[in-house]
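Trainee: Can you walk me through this one? I'd like to start with what counts as a contact.

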Amino acid sequence: MNGDEESRKVAAVCDSCGTVYAAVERQDGDVRPIGSPAGCCSGSKLTVVEDESPGSDTVESW
Ligand SMILES: [Zn+2]
């Protein structure tokens with residue numbers, strides 16, 4: 001019961017503080033940082049800055 005087929009792994013930056021997260025972007029455009037389902041800075045928007053990046057040391061293991 002996972003949404004792998006409806007989401008993609010991306011890098012996203014918090015619009016408020018600039019922190020970059022390994023995140024998941026769903027088909028509906030919802031971006032959620034991995035391991036931080038509540039988001040960052042009290043729900044501040046995350047902007048996708050990079051698509052899947054193999055080898056990135058910021059990507060957490062599944
Ligand atoms: Zn933030």
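Mentor: Two residues are in contact if their C-beta atoms, placed from the backbone, lie within 7 Å. This is a predicted model: local features need pLDDT of at least 70, side-chain atom pairs count only at pLDDT 80 or more, and totals for chains, interfaces and linings use all residues. Residues are numbered from 1 along each chain as its sequence is written.

Trainee: OK, which residues does Gly39 touch?

Mentor: Leaving out residues up to four places away in sequence, Gly39 touches Arg32, Pro33, Ser44 and Leu46.

Trainee: And where is Gly39 found?

Mentor: In the loop between strand S3 (31-33) and strand S4 (46-50). Strands are DSSP runs of E, at least two residues, numbered from the N terminus.

Trainee: Why does Gly39 count as partly exposed?

Mentor: Because Gly39 has 18 C-beta neighbours inside 10 Å. A residue is buried with 20 or more other C-beta atoms within 10 Å of its own, exposed with 12 or fewer, and partly exposed in between.

Trainee: Switching to the strands. How do S1 and S2 run?

Mentor: S1 and S2 run antiparallel, joined by 7 bridges; strands pair if DSSP finds at least two bridges between them. Arg8 stands opposite Glu25 in S2. The two strands form a hairpin with 5 residues between them, and Gly18 in the turn has a positive phi of about 85°.

Trainee: What about S2 and S3?

Mentor: S2 and S3 pair in the antiparallel sense over 3 bridges, with Val24 opposite Arg32 in S3. Their hairpin has 4 residues between the strands, and Gly29 takes a positive phi near 95° there.
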